[in-house]
Amino acid sequence: METIHRAFVGDSRDLEAIDDASVDLVVTSPPYPMIEMWDDLFTELDPAVGDALEAGDGRAAFEAMHAQLELVWDELERVLVDGGIACLNVGDATRSVDGSFRVYANHARVLEAFESRGFDPLPDVLWRKPANSAAKFMGSGMIPPNAYVTLEHEYVLVFRKGGESREFEPGADRRYEAAYFWEERNRWFSDVWTEVRGELQDLGSDDLRDRSAAYPLEIPYRLICMYSAYGDTVLDPFWGTGTTTLAAMCAGRHSVGSELEAAFVERFTDSLDQVPGLSRSVGRARLERHREFVARRREEGKAFEYQATHYDTPVVTKMEREIRLREVESIDAVENGTGYEYRAEHAPLSLE
Ligand SMILES: C[S@@+](CC[C@H](N)C(=O)[O-])C[C@H]1O[C@@H](n2cnc3c(N)ncnc32)[C@H](O)[C@@H]1O
């Protein structure tokens, strides 16, 4: 089986290279409005952002930044299929503008923007990042009332386009083979995610990933497994270092993305040789974790009613039986003037 991944160097406010209703799932993380590292980028997209910041008008800057994101949300609405899911990782910002400290609630503003485009909000996930130090508290230390709660969580907002869920042909193998294990379902569909960082390895870990505020591979990988089937196409309009595409490759889905900074796309292309090994270790880690779960459950004296068809392991539910993980065997890249097309050849995950 082959999957195709297209990475465009370009501006996602106009995704003209992507056809209407050609994307099944969106997984992305935009630049967060009012986080200082993105001020210059938003000002390049609209100079009114810089003017508002210079004038000390935080509200106007916040609105102007979201207005640029909204142009991308319009494009998502166009390219996503009816019933398709959009998952957006976004964090709020705390900031003092003109001497006044406050929180800028990006998650609420994005939710409003998607609702106004007719998307249905679905229950979201709170991604609780591991706490780092005691020196993190903001405001006036130990004396009430002017200390502020520290933001240590981000959101994964989840929306469905249109009122109806997607339909699949009855008994579609591509859906049943993309099943996840029962215990994965319990962890992934929990509304608070903790300790996500470090569970899966990423491609390289240098200052480029910091500069792009890359998310850990585990975030898009989970979301892709949760909300898409084999054969589906996943879009990331804020492609950054390509973590979503890497996750799609590991999960055996197609992907497409667009990124303003050509250097990120070049860097991804240079690291392609790591993808087969990484995809294998991601799949094997899932199976290994399932085996540990089976052992624990047996120790508790609980039995299993079903046997997986493609792996030598029992499973809890009937729906898991056809689960079949895939690994990337080989991958190559073709430059095409607007970016790259990567073609990945997949095989059923080998346990040898
Ligand atoms: C938060 S980062 C995404 C990081 C990504 N999830 C990863 O793991 O590397 C946002 C990215 O969006 C890109 N970007 C911002 N506005 C854009 C636009 N209008 N079109 C395309 N890319 C954009 C930025 O250059 C940045 O790399």
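Figure 1. Glu266 counts as partly exposed because 15 C-beta neighbours lie inside 10 Å; with C-beta atoms placed from the backbone, a residue is buried if 20 or more other C-beta atoms lie within 10 Å of its own, exposed if 12 or fewer, and partly exposed in between. The structure is a predicted model, in which local features need pLDDT of at least 70 and side-chain atom pairs count only at pLDDT 80 or more, whereas totals for chains, interfaces and linings use all residues. Residues are numbered from 1 along each chain as its sequence is written. Glu266 belongs to helix H10 (residues 262–270); helices (H or I, at least four residues) are DSSP runs, numbered from the N terminus. Although 73 residues separate them along the chain, Glu266 and Gly339 have C-alpha atoms 8.7 Å apart.

**Figure 2. Packing of helices H2 and H3.** Helix H2 (residues 47–54) packs with helix H3 (residues 58–79) at an angle of about 165°, their axes being 8 Å apart. H2 is therefore roughly antiparallel to H3 (angles under 35 degrees count as roughly parallel, over 145 as roughly antiparallel, 65 to 115 as roughly perpendicular and the rest as oblique). Axes are lines fitted to C-alpha atoms over the stretch in contact, and angles run from 0 to 180 degrees between N-to-C directions. From H2, the contact involves Ala48, Val49, Ala52 and Leu53; from H3, Ala60, Ala61, Ala64 and Met65 (contact requires C-beta atoms, placed from the backbone, within 7 Å). By class, this contact has eight nonpolar, no polar and no charged residues; Ala, Val, Leu, Ile, Met, Phe, Trp, Tyr, Cys and Pro count as nonpolar, Asp, Glu, Lys and Arg as charged, and the others, Gly among them, as polar.

**Figure 3. Packing of helices H8 and H9.** The axes of helix H8 (residues 218–227) and helix H9 (residues 243–251) lie 8 Å apart at an angle of about 50°. The two helices, H8 and H9, are therefore oblique to each other. Pro220, Tyr221, Ile224 and Cys225 of H8 meet Thr243, Thr244, Ala247, Ala248, Cys250 and Ala251 of H9. In H9, nine of its nine residues are buried, and Gly252, with a positive phi near 75°, follows the helix.

**Figure 4. Surroundings of the ligand.** The ligand is surrounded by 20 residues, of which Ala214, Phe238, Gly240, Thr241 and Thr243 are the closest; a residue is near if its C-beta atom, placed from the backbone, lies within 6 Å. The shell comprises nine nonpolar, seven polar and four charged residues.

Key:
Two residues are in contact if their C-beta atoms, placed from the backbone, lie within 7 Å.
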